[in-house]
Amino acid sequence: MFKLDQDFYDAYFKYYGKLSPFEVIAEVNKHMAERQGFTVINAINVAKTTATIGGTYLDFYMEMAKRSSFRREDINLDMYIFDIAFLYMHQTDSKALESFLDVRFTIRDVYAEIAQQSYGCSDEASIEKIKRITTEHAGDIQLPNPTSRDRWFYDLAVTVGTYSKCHSRKIGAVLVRDSSIISTGYNGPPRGVPTCDQRWFIDKRFYKKYGQHIGKDTKGVCPRRIIGFPSGQGLEVCPAGHAERNALINAARLGVETNNTKLYMSCGIPCTPCMVEIINAGIEEIICCKVESYDETGIYLLENSDIKVRLFDFLL
C-alpha cells in the first residue's frame with residue numbers, strides 16, 4: 001500500500017471529515033458503483049504501480065492528475081483520486097489504514113482544521129498564518145467584498161457588543177439559522193443587576209475581601225483590574241454573563257430552538273462555561289476572530305466535540 005502521510009490525511013478530512021473508515025468505505029463503494037468499471041480498474045492499476053515502487057499518496061495523485069482519460073471521466077477528479085486511493089488501501093491493508101487514522105483522530109487539531117479550511121492545506125506555514133490572525137474590531141479593514149455574509153454578521157456582533165455594560169471588554173454574539181438571525185447576546189451583568197463598578201459600595205462581603213485595593217476612582221473600571229488579576233483570571237468575582245451564553249439564554253427565553261445553528265462572535269474561542277453550553281445547545285459551527293481561548297479547557301472541549309470552527313473569511 002501507499003506510504004500514509006499528511007497529504008492523505010488532509011484529503012481524508014477534506015472529503016469525509018471525521019467519518020470512520022467503515023463509514024467512508026461505504027460511501028466510496030457507492031461512488032464507484034456510479035462510475036464506469038474500466039476506468040476504476042485502470043485507476044486501481046495505477047495505485048498498485050505507485051505502491052509497488054514505494055510511492056506516497058501525493059505520488060499517486062500526481063500520476064492520476066496527468067492522465068487525460070481520468071480528467072475526462074470525472075469533473076471532481078480530486079475526490080475521485082482520493083476514493084480510489086482509499087479503496088485500494090482498504091483492500092490492501094485495512095488494519096494499517098484504520099490504525100493510521102485512529103492515531104490522527106485521537107487529538108483533534110483545531111489549528112490544522114482551520115488552516116485546511118482556509119488555505120487548502122495544514123502545513124506548518126499555514127498553521128502559523130492562522131495563529132497570527134487576531135482582531136478586536138475590523139471596521140476599518142478595506143475588503144474586496146464588504147457585503148460578504150461573514151462581514152455582515154461580524155459587524156452585527158460588534159454592534160451588539162457596544163450595548164455591553166462590561167467595563168473590561170465589549171463582546172457581541174449573533175446566533176444564526178439559515179442565514180437569518182434568531183438571537184443575539186452581549187457580555188454584562190444579568191438583567192436588573194448593577195454594574196460591577198458599583199459592587200464596592202453595595203456588597204459588604206466583596207468590600208471586606210478586596211476593599212484594600214480600592215483607589216480614588218472606581219467608576220467605569222473593572223474591579224478585577226483594580227484588584228490586579230491578570231487577564232483571564234479572577235473570573236469568579238465577575239458578575240457578567242458572556243455574550244455567547246447570553247445569546248443562547250435569550251433564545252431559550254423566547255422559546256427559540258438552537259439546534260443546528262451557527263454562532264458568530266466578536267472574540268476568540270469561547271471559555272469553558274460558554275463552550276459547555278454551546279455544545280449542549282446543539283450549535284453546529286462557531287465563527288470567531290482568533291484561534292485563542294481564555295482557558296485550556298475551552299480548547300479541550302472544542303477538540304473533543306463535533307462543533308465546526310472557523311475564522312471570519314475576511315481575516316484570511
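Is the crossing of H3 and H4 right-handed or left-handed? Before I answer, a word on the model.

This is a predicted model, in which local features need pLDDT of at least 70 and side-chain atom pairs count only at pLDDT 80 or more, while totals for chains, interfaces and linings use all residues. Residues are numbered from 1 along each chain as its sequence is written, and side-chain values use heavy atoms, with hydrogens and water left out. Helices (H or I, at least four residues) and strands (E, at least two) are DSSP runs, numbered from the N terminus.

To the question, then: H3 and H4 cross in the right-handed sense, where right-handed means that the near helix is turned clockwise from the far one by less than a right angle, and left-handed means anticlockwise. The axes of H3 (residues 37–52) and H4 (residues 57–65) come within 10 Å and cross at roughly 140°, which makes H3 oblique to H4. Axes here are lines fitted to C-alpha atoms, for helices over the stretch in contact, and angles run from 0 to 180 degrees between N-to-C directions; under 35 degrees counts as roughly parallel, over 145 as roughly antiparallel, 65 to 115 as roughly perpendicular, and the rest as oblique. In contact terms (heavy atoms within 4.5 Å), Ala 43, Val 46, Ala 47 and Thr 50 of H3 meet Asp 59, Phe 60, Glu 63 and Met 64 of H4. That contact has 5 nonpolar, 1 polar and 2 charged residues, with Ala, Val, Leu, Ile, Met, Phe, Trp, Tyr, Cys and Pro counted as nonpolar, Asp, Glu, Lys and Arg as charged, and the others, Gly among them, as polar.

The second pair is H14 (residues 272–280) and H15 (residues 296–303), whose axes come within 8 Å and cross at roughly 20°, so these two helices are roughly parallel. H14 passes H15 in a left-handed crossing, and the contact is made by Thr 272, Met 275, Val 276 and Ile 279 of H14 with Thr 297, Gly 298, Leu 301 and Leu 302 of H15. Those residues divide into 5 nonpolar, 3 polar and no charged.

Next, a single residue. Asp 78 is found in helix H6 (residues 77–106), and at 29% relative accessibility it counts as partly exposed, a class lying between buried (under 20% relative accessible area) and exposed (over 50%), with a 1.4 Å probe and protein chains only. Leaving aside neighbours within four places in sequence, Asp 78 is in contact with Tyr 15, Tyr 57 and Tyr 61.

Finally, the buried residues of H9, among them Phe 153, Tyr 154 and Val 158, pack against strands E1, E2, E3, E4 and E5.
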